[in-house]
Amino acid sequence: MRTEELPNFTIINNGKISKELVNLGIKDFYQAINFIGNLPYGRNSQRSLYQLVLTEKRGTCSTKHALLSRLCIEQQVEEIKLYTGIYEMTEYNTPGVGAILKKYGLEFLPEAHCYLKYNEKRYDFTRLEVKGEPINTFLVEEKITPAQIGNYKINFHRSYIPVWLRDKGLCHKFNTDNLWEIREDCIKKLSQEIQE
């Protein structure tokens with residue numbers, strides 16, 4: 001992970017997330033990245049409450065990056081932004097989903113991902129030890145706020161599915177709802193594999 005390309009800063013007690021991290025003994029942004037990136041992957045009990053990453057000791061791409069983004073906001077580091085984008089999830093870039101995709105006759109499906117951007121480069125701290133190919137190609141992306149990782153991100157993702165189905169010529173075989181169910185099966189499988 002190219003952490004050293006990002007600006008480091010000392011965390012001062014300047015907001016709720018900053019205070020919680022300081023109380024955990026985390027003194028700067030690089031330590032925060034390391035701590036959060038090494039927490040297990042898993043959905044939080046409430047998907048839009050990124051603060052739960054610290055109490056539940058786990059998180060997804062959404063909650064982990066929203067937490068880091070909120071830290072940057074509290075520390076007035078405005079050049080690091082939170083983004084969501086749609087990529088084509090495959091067994092190669094997301095190991096563990098291949099069997100589910102194959103079951104439905106798919107090689108890939110559109111998945112939303114959250115990450116940070118700095119100087120037009122993407123930084124993904126969902127897991128510091130990345131398995132599979134890096135996710136480099138996004139079909140569409142948008143800058144969001146930490147508060148938008150819940151319903152806003154879900155609606156952004158779901159609204160892209162009909163476009164993707166039309167572009168791939170798959171409207172006769174799938175619709176938004178059944179493709180979403182396949183996607184949920186993939187996420188469950190990923191969570192199970194990571195916990196085993």
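Leucine 165 touches Leu170, Cys171, Phe174, Asn175, Thr176 and Leu179, leaving aside residues up to four places away in sequence; touching, or contact, means heavy atoms within 4.5 Å. This is a predicted model, where local features need pLDDT of at least 70, side-chain atom pairs count only at pLDDT 80 or more, and totals for chains, interfaces and linings use all residues. Residues are numbered from 1 along each chain as its sequence is written, and side-chain values use heavy atoms, with hydrogens and water left out.

Is leucine 165 buried or exposed? Leucine 165 is buried, with a relative accessible area of 2%. The cut-offs here are under 20% relative accessible area for buried, over 50% for exposed, and partly exposed in between, using a 1.4 Å probe and protein chains only. Leucine 165 sits in helix α6. Helices (H or I, at least four residues) and strands (E, at least two) are DSSP runs, numbered from the N terminus. Other buried residues of α6 include Phe156, Tyr160, Ile161 and Trp164, and Lys153 and His157 are on that list too.

How does the length of α6 check out? Its 18 residues (151–168) should span 26 Å at 1.5 Å a residue, and the end C-alpha atoms are 26 Å apart, which agrees. The expected span is 1.5 Å times one less than the number of residues in the helix.

Now follow the chain back from leucine 165 to leucine 116: the two are 49 residues apart along the chain, and their C-alpha atoms are separated by 27 Å. Leu116 is one of the residues with the most contacts inside the largest nonpolar core, alongside Leu6, Leu21, Phe29, Leu68, Leu71 and Ile80. That core has 30 residues; a nonpolar core is a set of buried Ala, Val, Leu, Ile, Met, Phe, Trp, Tyr and Cys residues joined through side-chain atoms within 4.5 Å. At least two residues each come from α1, α2 (29–37), α3 (52–56), α4 and β2 (109–118), and α4 gives the most, with six. For a look inside, take leucine 68: it touches Phe29, Ala32, Ile33, Ile36, Leu116 and Phe125, again not counting residues up to four places away in sequence. A second, separate core has 26 residues, including Tyr83, Leu106, Tyr115 and Ile187.

Next, a helix pair. Two packed helices are described by the angle between their axes and the distance between the axes. Helix α1 (residues 16–23) packs on helix α4 (residues 61–74) at about 105°, with the axes 8 Å apart. Axes are lines fitted to C-alpha atoms, for helices over the stretch in contact, and angles run from 0 to 180 degrees between N-to-C directions. So α1 is roughly perpendicular to α4, a label covering 65 to 115 degrees. Lys16, Ile17, Ser18 and Leu21 of α1 meet Leu67, Arg70, Leu71 and Glu74 of α4.

Finally, some loops. Glutamine 76, in the loop between α4 and β1 (81–89), has a positive phi near 60° despite being a residue other than glycine. Glutamine 76 is exposed, at 63% relative accessible area. Asparagine 119, in the loop between β2 and β3 (121–123), also has a positive phi, near 50°, and is exposed at 60%. Leucine 49, in the loop between α2 and α3, counts as partly exposed at 31%.

Key:
Parallel < 35°, antiparallel > 145°, perpendicular 65-115°, else oblique.
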